[in-house]
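Colleague: I have the sequence and the model open side by side. Could you walk me through a few of the local details?

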Amino acid sequence: MSHLPGTSWDLPLPELMAEARAVRDRQHGTRITYSPKVFIPLTMLCRDKCGYCTFAQPPARLDAPYLTPEQVLKIARQGAAAGCHEALFTLGERPEDRYPVAAQWLADNDYGSTVDYLASMARLVLDETGLLPHANAGALYPEELAQLRAVAPSQGMMLESLRDDLDAHRGSPDKVPARRLATLEAAGELRIPFTTGILVGFGEDRNDRIEALEAIAASHAHGGHVQEVIVQNFLPKDGTSMHQAAPCPPDAFLEAIALARLILPPEIHLQAPPNLSDDFGVLLQAGIDDWGGVSPVTADHVNPERPWPDRDRLRTVTEDAGFELAPRLTIYPEYAIRPTEWLHADLHFPVQDRSDADGMARDDPGAVYPQSVGEASNVGDGAEVVLVGRRSSQWYVGTDAEPPMLLPMSETRATGELAKVLDAVRAGEVPDEDQIVTLFGARGREVGAVAELADELRQQVVGDAVTWVSNRNINYTNVCTFKCRFCGFSKGPLSLNLRGTPYLLTLDDIAQRAVEASEMGATEVCLQGGIHPKFDGDYYIDVTRAVKAAVPHMHVHGFTALEVTEGAKRLDEPLADYLRRLMDVGLATLPGTAAEILDDEVRAVLCADKVNTQEWLDAHRTAHEVGLRSNVTIMFGSIEHPRSWARHLVRTRDLQAETGGFTEFVPLPFVHMASPIYLQRGARRGPTWREVVLMHAVGRIAYHGYIDNIQASWVKLGVAGVRQLLQAGVNDLGGTLIDENISRAAGASHGQGMDEAAFADLVAPLGRRLEQRTTLYGVSPQPA
Ligand code: SF4
């Protein structure tokens, strides 16, 4: 069977490789993946006697039949500290059936089998380090696969070959082809993302390889579970019975890779190990899209004489061939983003916790450890989460650590679909939803290319000015009847002990805060808060009136789409009439918060009881129609994927085309630490830095010609982060935020006010001009 009608597998090698490359490029684009992992050789005893294997050892050569839990954890901890995401358990097959010492060790330690011990160690590693186990336990029975499914997001077993007469497999009961095919099939039935593969040049021939690849494709057709296929070249090793056999000829290896790419469905990832070829760059030319596991810590225990290339070399070789290197998890993204189908319930969160929005591995450098939260400490309306235990060193929103330096980037590059989108925008096209998704898919040097275009557009539209506004947030209450699952700010009346002290400012308090703000030079107060059960719509009118009575020239930027929709609803008044009454008492603009992600699939999980997408858009349309301007926010990095980001941008852009009422776009990265949905193990830990950069840059590109101002939140991203974003399309720093409570309540640590001098320091290294603005982007601080 061929997936390329008209393709002959008998083509000369260069043409076969070209066909394979074309399939790879169409399906996988410019992304080449690898899995940063640590290898845990749980036992080197094996009941099989494969003629090429140096991994398996007799008991006499080993200190102990199995690694102890302490040894397992020590290796895993080293891997976690080095930034790995995967713990690959390598082990021999059923050693207890051959070696009494193995059976005795298992009995002494209360394990029923090697697989039983493996399951226990995988659980230990997962719980203690957060590394995701991949179980490579050979030919297994369905109940064993099912047992491991609860502790390992993916499993693997090389099919090797379907030939049953290979010398290499003599004396190896687990290498009987029927056993291995049965394992592969059972994995499909159990919905286990599975890795398999063939070994090339160890006695089988070309037809055998084709037969094995076709069998893998057939199994995938039943189960949809084959996430990747490894094509591995045989190398003779000293101390094995095949030490004098010829190594796999390079051309046969390249041909096998190309055949795999053409025979297997294109969505199956194709891997060849980089450490088994001297010139591994050529493997890319045969159609692979993955380098497999690369360990910064441990040797390849199966091929100890062939060390891993370091990650810098892997990156250089990949980039020299015109691709971008990206880390993945042990479970591939196509499976990771469908957890209910492909993962045991216990593993949904551990996978999500290491994922980015694409379902790839979080790619900021550093270690990721499971978050532990201690007793909530009540510090009034501020930060309440106390993190305990090992702290992740990888960057995330709200951490004290500075984000990695992505910008400026020394070398940028865009090819393929991404280059087409960037060219189209430069030619004046407005990117559609699919094109925006392509922009969000940028990796490596491509991120720099997207940021470059965003920076060009920023320069065209607003020049070098970097603007800011002097303002104060007044969050009049933290009591809220809504149950937004991302919100670490609101306090339900029944959760006092857990969530700190509920408060409700009086009108006098609010007026007093407005006076203080004015005395400190603020031109704007930003009024937002929870939806208190006692509020009716008149509350917002009273608040506005109180502020304007206290400071008549103050610009009142207040009330989200949710608040005004609720206010009007509680008064049973048409929204337009209600907004006009608010304007009459002094409301000047509406903040764009409560938008979160304008995609109802996502809102159903994040904030099911809040205004839906249409209601948010309708509220802003109505506001614009009555003469109030507003802005667009997006809260990103919790549960959603880039498709939802693109929908959000397109929907708000469409409204802007209709009304012209939005002044700016404000990306608000999700701060996970104290948010209920994260504490309930239901969300990612915010966006990665690459995603933050892209959200601002793609916002600039997608809104070009529609919304001129792109704002970065220094509260959430810090000064160093915002400085990078000013090179990715951003032109506005937002407000001084004399009080900043909401982000701090969710655990962010940048929640202190900025002033003009601090903004000047932020901007100075870029040589850009700092300008104070009004809320509506007037160039001088004139009160509204
Ligand atoms: S986000 Fe707003 S509406 Fe939702 S729970 Fe928090 S305070 Fe209430």
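Colleague: What classes of residue make up the shell around the ligand?

Modeller: The shell around the ligand has six nonpolar, two polar and one charged residues, where Ala, Val, Leu, Ile, Met, Phe, Trp, Tyr, Cys and Pro count as nonpolar, Asp, Glu, Lys and Arg as charged, and the others, Gly among them, as polar. Nine residues surround the ligand, and the closest are Cys 480, Cys 484, Cys 487, Leu 562 and Lys 610; a residue counts as near if one of its heavy atoms lies within 4 Å of the molecule. Please keep in mind that this is a predicted model, in which local features need pLDDT of at least 70 and side-chain atom pairs count only at pLDDT 80 or more, while totals for chains, interfaces and linings use all residues. Residues are numbered from 1 along each chain as its sequence is written, and side-chain values use heavy atoms, with hydrogens and water left out.

Colleague: OK, pockets next. How much space lies in the second largest pocket?

Modeller: The second largest pocket holds about 1,100 Å³ of space. A pocket here is an open set of points on a 1 Å grid over the protein atoms alone, with protein on both sides within 12 Å along at least five of seven lines, whereas a cavity is a set where a 1.4 Å probe fits but cannot get out, and lining residues have an atom within 4 Å of a point. Of the 38 residues that line this pocket, Gln 27, His 28, Gly 29, Arg 31 and Gly 441 are the closest to its centre.

Colleague: Which helix gives the largest share of that lining?

Modeller: Helix 1 does, with six residues; helices are DSSP runs of H or I with at least four residues, strands are runs of E with at least two, and both are numbered from the N terminus. By class, the lining of this pocket divides into 11 nonpolar, 13 polar and 14 charged residues.

Colleague: Switching to strand 5, is it mostly covered or mostly open?

Modeller: Strand 5 (residues 194-200) is mostly covered, since seven of its seven residues are buried, that is, under 20% relative accessible area with a 1.4 Å probe and protein chains only, where exposed means over 50% and partly exposed lies in between. Phe 194, Thr 196, Ile 198 and Val 200 are buried on one side, and Thr 195, Gly 197 and Leu 199 on the other.

Colleague: How many bridges join strand 5 to strand 6?

Modeller: Seven bridges join them, and the two strands run parallel; strands pair if DSSP finds at least two bridges between them. The chain crosses from strand 5 through helix 7 (residues 206-223) to strand 6 in a right-handed β-α-β crossover, meaning that the path over the helix runs clockwise when the strands point away from the viewer.

Colleague: Is Glu 596 buried or exposed?

Modeller: Glu 596 is buried, with a relative accessible area of 7%, whereas Asp 572 is exposed at 73%.

Methods:
Points joined across faces, edges and corners; volume = space filled by probe spheres on them.
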